[in-house]
Amino acid sequence: MQQSDFKEDTRYVVTLRDENGKYRPAKFYVLKLHDDGMIVRLTEQQGILRKIAYDDVIKIVSSKPASGAKRYYVPEVLLSEQHWKGRREIQHYGSSPAMGK
């Protein structure tokens, strides 16, 4: 996959290659696109932000743009490329105003 295959503020269901090379299903919300990968929030794991390389996504099964009230807010400093140098995963709690939190 390439950067142009993804859009920010969109939920995806994909087939993802894990660290061992096995294919796994994954659900995530794209927060930010960078040249070398994207910053996503895993929707099945509370508050986990992960950097995923575009090449690790094998297939996009479905995608759905998030409406204004269903978007996740994460401070821009946590999404910057400089913050993600040397990191693969962080835990951050963020929510949507529509979720009542």
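Phe6, Tyr12, Phe28 and Tyr54 form one aromatic cluster. The model is a predicted one, and a count over the structure gives four aromatic pairs. In one of them, the ring centres of Phe6 and Tyr12 lie 5.2 Å apart with the planes at 65°; an angle over 60 degrees counts as edge-to-face, so this pair is edge-to-face. Phe6 and Tyr12 are both buried.

Tyr12 also pairs with Phe28: the centres of these rings are 6.0 Å apart and the planes stand at 40°, so the pair is classed as tilted. Tyr12 has a relative accessible area of 5% and Phe28 one of 1%. Buried means under 20%, so Tyr12 and Phe28 both count as buried.

A ring also takes part in a contact with a charged side chain. Arg41 lies over the face of Tyr72, at 4.3 Å from the ring centre.

The charged side chains come next. Side chains of opposite charge can pair when their charged atoms come close. Across the whole structure there are eight salt bridges. One of them joins the side chains of Arg88 and Glu19, with an N to O distance of 3.3 Å. Arg88 sits in the loop between α2 (81-84) and β6 (89-91), and Glu19 in the loop between β1 (10-17) and β2 (23-33), so this pair links distant parts of the chain, 69 residues apart. Arg88 is partly exposed at a relative accessible area of 44%, whereas Glu19, at 59%, counts as exposed.

Another salt bridge is made by the side chains of Lys32 and Glu76, again with N to O at 3.3 Å. Because Lys32 lies in strand β2 and Glu76 in helix α1 (residues 76-79), the pair ties together parts that are 44 residues apart in sequence. Lys32 is partly exposed, with a relative accessible area of 23%, and Glu76 is partly exposed, with 49%.

Where does Lys51 find its salt-bridge partner? The partner is Asp36, and the closest N and O atoms are 2.9 Å apart. Lys51 is in strand β4 (residues 48-52) and Asp36 in the loop between β2 and β3 (38-42), a link between distant parts of the chain that are 15 residues apart. Is Lys51 buried or exposed? Its relative accessible area is 18%, under the 20% limit, so Lys51 counts as buried. Asp36, at 46% relative accessibility, is partly exposed.

How values were computed. Residues are numbered from 1 along each chain as its sequence is written. This is a predicted model: local features need pLDDT of at least 70, side-chain atom pairs count only at pLDDT 80 or more; totals for chains, interfaces and linings use all residues. Side-chain values use heavy atoms; hydrogens and water are left out. A salt bridge is a side-chain nitrogen of Lys or Arg within 4 Å of a carboxyl oxygen of Asp or Glu. Helices (H or I, at least four residues) and strands (E, at least two) are DSSP runs, numbered from the N terminus. Buried means under 20% relative accessible area, exposed over 50%, partly exposed in between (1.4 Å probe, protein chains only). Rings of Phe, Tyr and Trp (its six-membered ring) pair if their centres lie within 6.5 Å; planes under 30 degrees apart count as stacked, over 60 as edge-to-face and the rest as tilted. A charge sits over a ring if NZ of Lys or CZ of Arg is within 6 Å of the ring centre and within 35 degrees of the ring normal.
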